[in-house]
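Trainee: I am new to this structure and would be grateful for a close look at its aromatic pairs. Please set them in the context of the whole.

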Amino acid sequence: MPVEVTWWGHATCTIEDSGVRVLTDPLFVRRLAHLRRRRGELPGPEAAVADVVLVSHLHSDHLHLPSLARLAAGSRLVVPVGALRTVPGLRRLSSARALRVTEVAPGDEVRFGGTDGVRIRVVPSLHDGRRLPMGPHHSPALGYVIEGEARTYFAGDTGLFDDMARIVGPVDVALLPVGGWGPYLGHGHLDAGRAAQALARLAPRAAVPVHYGTYWPIGLDGVRPHEFHSPGDEFVRKAAVLAPEVATHRLSHGERMRPGATR
């Protein structure tokens, strides 16, 4: 079965490969603290259906406990090492929902779906992975490469780093963050231009821009609004210059596509 990617908004995606349904960084709310969802309908119940859920880091817009509570009892959850220690609510939720939690670090590999399923490689990200403001504990920010019929790189949140292509390895599909949830991107993020540079280094067959155009701070609609609206289109334009051989797919919320990339 060809790989299929659905973008639900922000960093939340479903990757279906080799009969395994992988969900990334689920965020299924209209409002999170000072952020509100400004574009795209809330994902329906089908978005929470997954064989395995990958969490890239502990920031609350990526490890969101109420969204994780929508998972079916007994779901498999992969989180950065130290997450259970750092986030008490995750321990309580995993117990209440019987979630099967696996903590991982860069270099780890996990398999799902048996020999005909997928292998998930854990790779580092250049990002602050701490759960703020909950203390000094450190957990790494991670990316994941889902290997089945295709190799799909979910970058989580990351900045551009020198060894990205070597560490990530050959991939067919890249899901790259191209924006954020506020008018200014701090260190450890990709904007559209840096994401296009990353794309040129990774050289996949296909790419999907994520982590933009979904959430925005309440009351800041008029502050640098182009940072909310434009990163997806800007990424497509810059990718056409820096990585013209890569097919870029700017999806609408809830839209799915089959990039047709196989090993």
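**The aromatic pairs in their setting**

Mentor: The protein exposes about 10600 Å², of which carbon and sulfur atoms supply 52%; accessible areas come from the Shrake-Rupley method with a 1.4 Å probe, and for residues only the protein chains shown count as cover. The model is a predicted one, in which local features need pLDDT of at least 70, side-chain atom pairs count only at pLDDT 80 or more, and totals for chains, interfaces and linings use all residues. Residues are numbered from 1 along each chain as its sequence is written, and side-chain values use heavy atoms, with hydrogens and water left out.

Of the 263 residues of the protein, 55% count as buried (under 20% relative accessible area, with a 1.4 Å probe and protein chains only; exposed is over 50%, partly exposed in between). The protein has 7 helices and 17 strands, which are DSSP runs numbered from the N terminus (helices H or I, at least four residues; strands E, at least two).

A search of the whole structure finds 2 aromatic pairs. Rings of Phe, Tyr and Trp (its six-membered ring) pair if their centres lie within 6.5 Å; planes under 30 degrees apart count as stacked, over 60 as edge-to-face and the rest as tilted. The rings of Trp-7 and Tyr-212 have centres 5.3 Å apart and planes at 10 degrees, so this pair is stacked. Because Trp-7 lies in strand β1 (residues 4–9) and Tyr-212 in the loop between β14 (206–210) and β15 (215–217), the pair ties together parts that are 205 residues apart in sequence. Trp-7 counts as buried, at 1% relative accessibility, and Tyr-212 counts as buried at 3%.

The pair of Trp-216 and Phe-228 is edge-to-face, with 5.5 Å centre to centre and 70 degrees between the planes. Trp-216 belongs to strand β15 and Phe-228 to helix α6 (residues 226–229), 12 residues apart, and the pair links distant parts of the chain. Both Trp-216 and Phe-228 are buried.

Strand β1, which holds Trp-7, is also part of an open sheet of 7 strands with the order β8-β7-β6-β3-β2-β1-β17 and mixed pairing (two strands pair if DSSP finds at least two bridges between them). At the edges stand β8 (100–104) and β17 (255–257), each with a single partner strand, so one side of each lacks a neighbour in the sheet. Within this sheet, β3 (residues 20–24) and β6 (residues 52–54) pair in the parallel sense over 3 bridges, and Leu-23 stands opposite Val-53 in β6.
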